[in-house]
Amino acid sequence: MTGLFITLEGGEGAGKSTQIARLGERLRGLGRSVVTTREPGGSPRAEAIRESILAGHGKPFGPFAEALMFSAARLDHLKAVIRPALARGDIVLCDRFADSTRAYQGALGAVHDDVLVALEREVVGSTRPDLTLILDLPAEKGLARAAARRGGSASAPDRFEAENLFFHNKLRRAFKLIAKSEPDRCVVIDADRGADEVAEAIWEYVERLLGDDIKNDSQAHEIKENV
Ligand code: T5A
C-alpha cells in the first residue's frame, strides 16, 4: 500500500497554507487519511532547523550552506513523517518541498543545478511528489498578503520575505520554469482570485489524480455515513 504525495509551491503569501488546510479537510471528509505538513519543518528536528534558517542564521554562510540546511531538515522530515505516512497509505499534503530549494537556492541563490540534482538524489531519493500545485500570483500581491497576515509592520518579515521585489519576481519565473520542465508532475494554479475559486481549481487536479479511487471511496463513505 502506498499513499499519495502532493506538494504545494509558490511565492510568499501565495495561499499554500490556506489551501492545504482546505484540501486536507475535503479529503478527510471523504474518509481519506491525510497528513498535512510543511517545509522547512514538519518534524521536531526539522522545525528546529526551520527556526534557525528563518531567523537568518544561515544567510551569512551563503545559499549553498542554506541548501544544506534545508536538505538536513528534509532528510529528517522524510524519515520521520513523510515516508511512514506514505507507507501507511495516507495522502501527504506538504507546504513546500524540494522545488523550493530549486527555486530559492538554485534559481535565486545560484547554487549549481548539478549540486541540487545530487542533493535531491541523496535526500529525496525516490520519494518524489505525485502532484505539485504551484500557486501563482503577482509577487506584490503575495507579499501584501503575507504582510497583512503578520499585521503590517507589527512584526518583521522573515529571511526570504525581506528580499526585494526583483527577487520575488524572479522567484515567480523560477517556479513557472519548474512547472514547464516537469509538466506531468506540476500544474500552475492561478492564485490571484478568491480562496474558494483557488480551492476548486486545485480540487480538479486532485480529483483527477485520485481518479476512480476517490469516487469509490466517496460512495463507500456516503454508504457508511448513512447506515
Ligand atoms: N524555503 C523553503 C527555501 O528557501 N528553500 C526551501 O527548500 C524551502 C522548503 C519558508 C521560507 O523558506 C523558504 C521559502 C520561504 O521563504 P514560510 O513561513 O513557510 O517560510 O513561508 P511561506 O511558505 O511563503 O508561507 P506563507 O505562510 O508566507 O504563505 P502561504 O502559506 O503561501 O500563504 P497563506 O495561506 O498563509 O496566506 C497568506 C495570507 O493571505 C490570505 C491568508 O488568509 C493569509 O492571511 N489568503 C488570501 N487572501 C486573499 N485571497 C486568497 N485567495 C487568499 N489565500 C490566502
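I take contact to mean heavy atoms within 4.5 Å. The model I am looking at is predicted.

**Entry 1: overall make-up**

I began with the secondary structure, which comes to 9 helices and 5 strands. Reading along the sequence, I get the pattern β-α-β-α-α-β-α-α-β-α-α-β-α-α. I then checked the radius of gyration, which is 18 Å against the 17 Å that the globule rule gives for 227 residues, so the protein is as compact as a globular protein of that length. Along the principal axes, the C-alpha atoms fill a box of roughly 60 × 35 × 35 Å.

**Entry 2: sheet**

Next I traced the strands. All of the pairing in the open sheet is parallel, and the 5 strands have the order β2-β3-β1-β4-β5. I find β2 (34–38) and β5 (186–190) at the edges, each pairing on one side only. On average, neighbouring strands are turned by 20 degrees against each other, with direction ignored.

I looked at one pair in detail. Strand β1 (residues 4–10) runs parallel to β4 (residues 131–136), and 5 bridges join the two. Which residue in β4 is the bridge partner of T7? I find T132 there.

**Entry 3: helices across the sheet**

Helix α7 (residues 165–181) lies across β1, β4 and β5, and its direction is at about 150 degrees to β4. Helix α8 (residues 195–210) lies across β1, β3 (91–95), β4 and β5, at about 165 degrees to β4.

**Entry 4: Q19**

Is Q19 buried or exposed? I note a relative accessible area of 4% for Q19, and the cut-off for buried is under 20%, so Q19 counts as buried.

I listed what Q19 touches, leaving out residues up to four places away in sequence: L8, L135, A195, V198, A199 and I202. For A199 I also have a distance: its backbone nitrogen lies 3.4 Å from a polar atom of the Q19 side chain.

**Entry 5: totals**

I closed with values for the whole protein. Buried residues make up 48% of the 227 residues. The accessible surface comes to about 11,400 Å², and 54% of this belongs to carbon and sulfur atoms. I also looked at contacts between residues at least 6 apart in sequence: 80% of them join residues at least 24 apart.

Notes
Residues numbered from 1 in each chain as written. Predicted model: local features only at pLDDT ≥ 70, side-chain atom pairs only at ≥ 80, totals over all residues. Heavy atoms only, no water. Pairing = 2+ DSSP bridges. Helix = DSSP H or I, 4+ residues; strand = E, 2+ residues; numbered from the N terminus. Axes fitted to C-alpha atoms, helices over the stretch in contact; angles between N-to-C directions. Rg over C-alpha atoms; globule rule 2.2 N^0.38 Å. Buried < 20%, exposed > 50% of the residue type's maximum accessible area, 1.4 Å probe, protein only. Areas by Shrake-Rupley, 256 points an atom, 1.4 Å probe, with all protein chains shown as cover. Polar contact = N/O pair within 3.5 Å; in protein donor to acceptor, adjacent residues only side chain to side chain.
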